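Dear colleague,

I am passing the structure on to you below, and after it you will find notes on what turned up.

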Amino acid sequence: MKTLRLILSDQLSSQHSWFQQVRSDVVYALIEIPPETNAIKHHVQKLLATFAAMRAFAAQLREAGHRVEYVAIDDVRNQQQLDTNLTWLISKYQATHLGYPLPDNYQLDVQLRAFCQQHSIAAEATDTEHFYTTRHELQQFFEGKKQLVMETFYRYMRRKHQILLEKDGKPVGGQWNFDQENRKKWKGEVDIPATFPLQNDCREIKKALDQANIPYIGTVDAQAVQWPITSVQALHLLRHFLETSLAYFGTYQDAMTIQSWYLFHSRISFALNVKLITPQEVIKTTINYWQEHQNVVSIAQVEGFVRQILGWREFMRGVYWAYMPDYAAKNYFGHTRSLPQYYWTGNTKMRCMQHAITQSLSQAYAHHIQRLMVTGNFALLAGIHPDAVDAWYLGIYIDALQWVEITNTRGMSQFADGGIVATKPYISSANYIHRMSDYCSDCYYDPKQRHGDRACPFNSLYWHFFVRHRDLLQRNRRVSMVYHLVDKMPATERKAIMECAAHHLANLEEL
Ligand code: FAD
Ligand code: SF4
């Protein structure tokens with residue numbers, strides 16, 4: 001009996017129990033196929049970092065004595081499809097069993113199960129041993145409840161895993177959530193730390209990508225790819241974040257500036273999502289660091305960071321497994337417009353959009369508020385089809401894998417799920433962007449004007465959004481007060497705003 005064990009590109013965990021024992025009857029297969037789907041163009045940095053991490057992982061396994069079959073993107077045997085690649089590998093090794101870690105991707109899960117049935121091969125699907133939660137834990141936790149509430153789930157997670165709790169079970173610092181203290185604009189009062197100097201040479205992989213004609217977006221210095229490709233690099237990046245940024249993480253979590261593409265964010269998401277590092281390691285290391293540095297790092301900063309990983313990340317995973325595959329077709333507002341071209345070039349007069357998009361193209365990264373309150377906010381206000389929005393987010397970001405991309409994009413950002421993830425649409429006029437960033441001061445548009453040639457498009461589109469979706473939103477208690485404002489607006493002002501928005505919607509490419 002021989003077992004072929006497939007290691008997916010986002011399952012690079014050396015801590016998995018599979019690797020604790022060297023077995024001569026097991027062959028590990030790593031196959032370079034562009035992540036998720038070929039139909040989407042991915043950022044070149046994502047392709048390079050993913051394949052570089054896979055290659056480093058294969059080398060590590062070989063060094064530890066495991067048998068490894070590696071199929072590179074330009075390997076003549078690579079048929080660029082998972083099924084066909086698996087078929088010849090099974091035949092080559094005369095495998096009777098196919099082992100694989102439970103995929104985080106719904107379609108891949110279905111595909112692998114179907115593959116095993118069709119090929120009459122015994123399947124050995126094992127847990128990834130990565131997340132705090134099982135696939136269906138969130139669903140079971142909220143069984144019978146009308147609304148999923150992240151905060152409730154997060155407190156359950158804190159209690160269950162004994163994280164930031166006093167001996168009597170109360171939250172450390174006297175409250176569960178310090179978000180209210182964490183919403184400052186960055187005005188240069190604290191220096192932004194230098195980037196962590198990671199420079200992975202991926203020139204060979206880049207050459208292979210080009211030879212195999214793999215399409216991609218974005219730019220890269222292939223000689224110096226900045227993303228961690230091993231567990232050691234991931235731990236160094238985390239350490240760098242703790243030493244330089246944790247003390248300000250929460251305070252400036254929502255801030256945006258043209259002076260930095262990451263501010264005080266960790267940039268650990270890629271390493272986490274391909275499992276070079278575990279969420280348990282990140283949280284434990286962070287809390288240990290805080291305990292030793294309480295004179296410089298407050299509980300508000302640590303709690304804010306832990307909440308993202310223990311709360312939001314696990315919450316999104318649970319939503320994904322509870323609502324897929326239907327989730328991928330949700331379009332609550334019935335939006336149909338195409339994504340404007342400037343999402344692919346950054347060529348727009350809107351300074352906030354121009355900055356967030358060009359940065360995404362050059363770094364494969366934007367931090368949460370840029371994704372949510374700039375590019376996502378605009379897409380929702382402009383009525384872009386959620387499929388197009390999803391495709392953009394899934395392609396452009398270094399950390400984008402469907403389980404965490406779609407729940408954030410279609411759910412949190414586009415409210416296309418009608419309120420499963422968020423209780424109200426995350427939209428704003430220029431007011432919020434002006435308050436939290438330095439974008440507006442240098443913009444062609446005026447954040448204070450609501451209509452007219454130079455009025456910020458976010459303003460008229462914001463009011464238009466509420467007016468056109470009145471039937472769907474008026475009864476939502478979290479936004480109903482907006483309708484009082486709409487109704488109190490002088491008729492001439494309202495008409496001018498609506499006309500301005502209608503003009504923008506008909507001419508989105510011109511903004
Ligand atoms: P930090 O701000 O330093 O946060 C630390 C960690 O917390 C992150 O690395 C991440 O693992 C976790 N985290 C924070 N917020 C979330 C969240 N909302 N959901 C899940 N985990 C979270 N995150 C992805 O990992 N992949 C995606 O494809 C993705 N797509 C997004 C799309 C949209 C429209 C939005 C609004 C958010 C998206 N996010 C996604 C969530 C979040 O923006 C990123 O996790 C974060 O920006 C990654 O940068 P960081 O590592 O510096 O995060
Ligand atoms: Fe963005 Fe409007 Fe501010 Fe310009 S004025 S940066 S378009 S919010």
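Which residues of the largest nonpolar core touch the most other members? Of its 153 residues, they are M353 and F378, where a nonpolar core is a set of buried Ala, Val, Leu, Ile, Met, Phe, Trp, Tyr and Cys residues joined through side-chain atoms within 4.5 Å, and buried means under 20% relative accessible area with a 1.4 Å probe and protein chains only. Helix α11 (residues 299–323) gives this core its largest share, 12 residues, helices being DSSP runs of H or I of at least four residues and strands runs of E of at least two, numbered from the N terminus. Another core, of 21 residues including L6, V71 and L86, lies apart from it.

This is a predicted model, in which local features need pLDDT of at least 70 and side-chain atom pairs pLDDT 80 or more, while totals for chains, interfaces and linings use all residues. Residues are numbered from 1 along each chain as written, chains are lettered from A and ligands numbered from 1 in written order, and side-chain values use heavy atoms, without hydrogens and water.

As for ligand 1, a polar side-chain atom of Y365 lies 2.6 Å from one of its oxygen atoms, whereas a polar backbone atom of I268 is 3.0 Å from an oxygen atom of the ligand, and a polar backbone atom of D399 is 3.0 Å from a nitrogen atom of ligand 1.

Finally, D10 lies in the loop between β1 (3–6) and β2 (26–31).

With kind regards

Terms used:
Buried means under 20% relative accessible area, exposed over 50%, partly exposed in between (1.4 Å probe, protein chains only). A polar contact is a pair of N or O atoms within 3.5 Å; within protein, one must be able to donate a hydrogen and the other to accept it, and residues adjacent in sequence count only if both atoms are side-chain atoms.
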